[in-house]
Amino acid sequence: MRKKIVALLAAVLLLLSASACHMVYVDQEKDYAQVVFSVNGKEYTKGDIMKLYEAYRNTYGLTDENQETPAYIANYHQVLDQIYTELLEHELILQYGSEIGITGLTDEQMEGVYSDLAQMEEMLETSVRTTVEDEAENDPTIDIEAEVARQLEERRAYYGLSTGEYQERIEKEALRSAVRKYLEENYVPSEEDVQSFYDTNLADQKRLLEEDMKNFSVFARSNLTMYIPAGLRYVHSILIAIPTDARSEILRLRAGSEEDKQKAQELLDAELAKVEARAQECYARLQAGEDFEKLLDEYGDDPGMKQDALNRESGYILYKEDESYDKDFMQAAFALEKAGDVSPLTPSAFGYYIIRMDGETQEKTLSLEECRENIQTYIKNEMAQNAYGDKIQQWKRQADIVEYKDRLY
């Protein structure tokens, strides 16, 4: 009797298990057909959101394998939220943009879109070709052109280039930018606004830097440095880089478990080995007396050190507590003793660095005239961003909007 009861219980559990599996099954076609919002009757579905997903997910390190894992589910939801918001704003601009003379992208704006696309394609091809050529050095059986074509197509699909999602994303961003540009076009910050901004923010910078030098990174990134403390270090660096996708994977793994950290180190060692010969060649030429700037142009892969980059003339400005730079880079930079000293070849998560110390700062307060252009740009951008938000809210009030955002998840 007991055996029959156990068998019956097992059968019931099996049935419940099968039912549960059936209950969580999702018909993707029906799921994607769900309306997530409408603007004056113009409907957008979950499928419209997911159609753009490929063009956004790389920013958050999402892949088909990890996008719905516990570690990445917040990133996945954040991507969907971002696309949802941008699509809603885009539709409002399409319906109401004519009020401010915007009915679509101009030929000049489309040229900008095509230029961005071309740069992205070039960057991917360069990265893939470098990777494949390095692999071919260790395996001469590799058909370089065929392997480049295969890996490039994988990358283009991952970034949404091959299916058009990437272009669609930057077209929508270009249209939003056109609205912001229109709103700021005729705005000139008053002298009173500029002076007030300078006085207030200069005092705040000095106070905040006394409290924590990490605040310097915030001011530097916003291009609003008004006060420079003593003892900061200027450097130029030659970076012989590993591929960006490998670097992203290394940084992702470093943030995980001990096992992930070990995988990160193994991947880094393998990638560094691929570029070591080029790095050694550069360093040997520098040691032989060749000009640092010349070698920087020939070997340097860091966008921040390119000829037209903001930091090329002045160099990077560093302080010991700065966590925005790679720790190996920072350690090597602060091991240098005087202006003109050059570091040994320094491995990092970005590739191999060669760092030159250019000098240290003396305490300095920048004048209003030195800061004026950056302050005016900042105020205009802030005004345009606030005005853009106000305009979107105005159009939302005008429109009949129905939202079912919970259907995204």
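# Briefing on a predicted protein chain

Asn 40 is found in the loop between E1 and strand E2 (42-45). The model is predicted. The protein chain holds 15 helices and nine strands, and its C-alpha trace spans about 85 × 60 × 50 Å along the principal axes.

**Whole chain**

- Of the 409 residues in the protein chain, 40% are buried.
- The protein chain exposes about 23300 Å², and carbon and sulfur atoms supply 50% of that area.
- Where contacts in the protein chain join residues at least 6 apart in sequence, 68% of them are between residues at least 24 apart.
- The protein chain carries 45 positive and 82 negative charges, and the mean positions of the two sets are 5 Å apart.

- Asn 40 is not a glycine, yet has a positive phi of about 50 degrees.
- Most residues other than glycine have a negative phi.
- With a relative accessible area of 36%, Asn 40 is partly exposed, because this value falls between the cut-offs of 20% for buried and 50% for exposed.

**Aromatic pairs around Phe 37**

- The whole structure contains 10 aromatic pairs.
- One of them is the stacked pair of Phe 37 and Tyr 44, with 4.8 Å centre to centre and 20 degrees between the planes.
- Phe 37 has 0% relative accessibility and so counts as buried.
- Tyr 44 is buried as well, at a relative accessible area of 8%.
- Phe 37 also pairs with Tyr 84: the ring centres are 5.2 Å apart and the planes stand at 75 degrees, so this pair is edge-to-face.
- The pair of Phe 37 and Tyr 84 links distant parts of the chain, since Phe 37 belongs to strand E1 (residues 35-39) and Tyr 84 to helix H5 (residues 73-96), 47 residues apart.
- Tyr 84 has a relative accessible area of 3% and is therefore buried, the cut-off being under 20%.

**Other rings and charges over rings**

- Tyr 316, Tyr 325, Phe 329 and Tyr 353 are linked into a cluster by ring pairs.
- Arg 180 lies over the face of Tyr 388, and the distance to the ring centre is 5.1 Å.
- Arg 407 has its charged end over the ring of Tyr 404, 4.0 Å from the centre of that ring.

**Glu 271 in helix H12**

- Glu 271 is part of helix H12 (residues 258-287).
- The relative accessible area of Glu 271 is 8%, so this residue is buried.
- Leaving aside residues up to four places away in sequence, Glu 271 touches Ile 242, Pro 243 and Ala 246.

**Thr 126 in helix H6**

- Thr 126 lies within helix H6 (residues 107-138).
- At a relative accessible area of 46%, Thr 126 is partly exposed, because the value is not over the 50% needed for exposed.
- Thr 126 and Val 148 are separated by 22 residues in sequence and by 9.7 Å in space, C-alpha to C-alpha.

Conventions: Residues numbered from 1 in each chain as written. Predicted model: local features only at pLDDT ≥ 70, side-chain atom pairs only at ≥ 80, totals over all residues. Heavy atoms only, no water. Helix = DSSP H or I, 4+ residues; strand = E, 2+ residues; numbered from the N terminus. Buried < 20%, exposed > 50% of the residue type's maximum accessible area, 1.4 Å probe, protein only. Contact = heavy atoms within 4.5 Å. Areas by Shrake-Rupley, 256 points an atom, 1.4 Å probe, with all protein chains shown as cover. Lys, Arg positive; Asp, Glu negative; His and termini not counted. Charge placed at Lys NZ, Arg CZ, Asp CG, Glu CD. Phe/Tyr/Trp six-rings, centres within 6.5 Å; stacked < 30°, edge-to-face > 60°. Lys NZ or Arg CZ within 6 Å of the ring centre and 35° of its normal.
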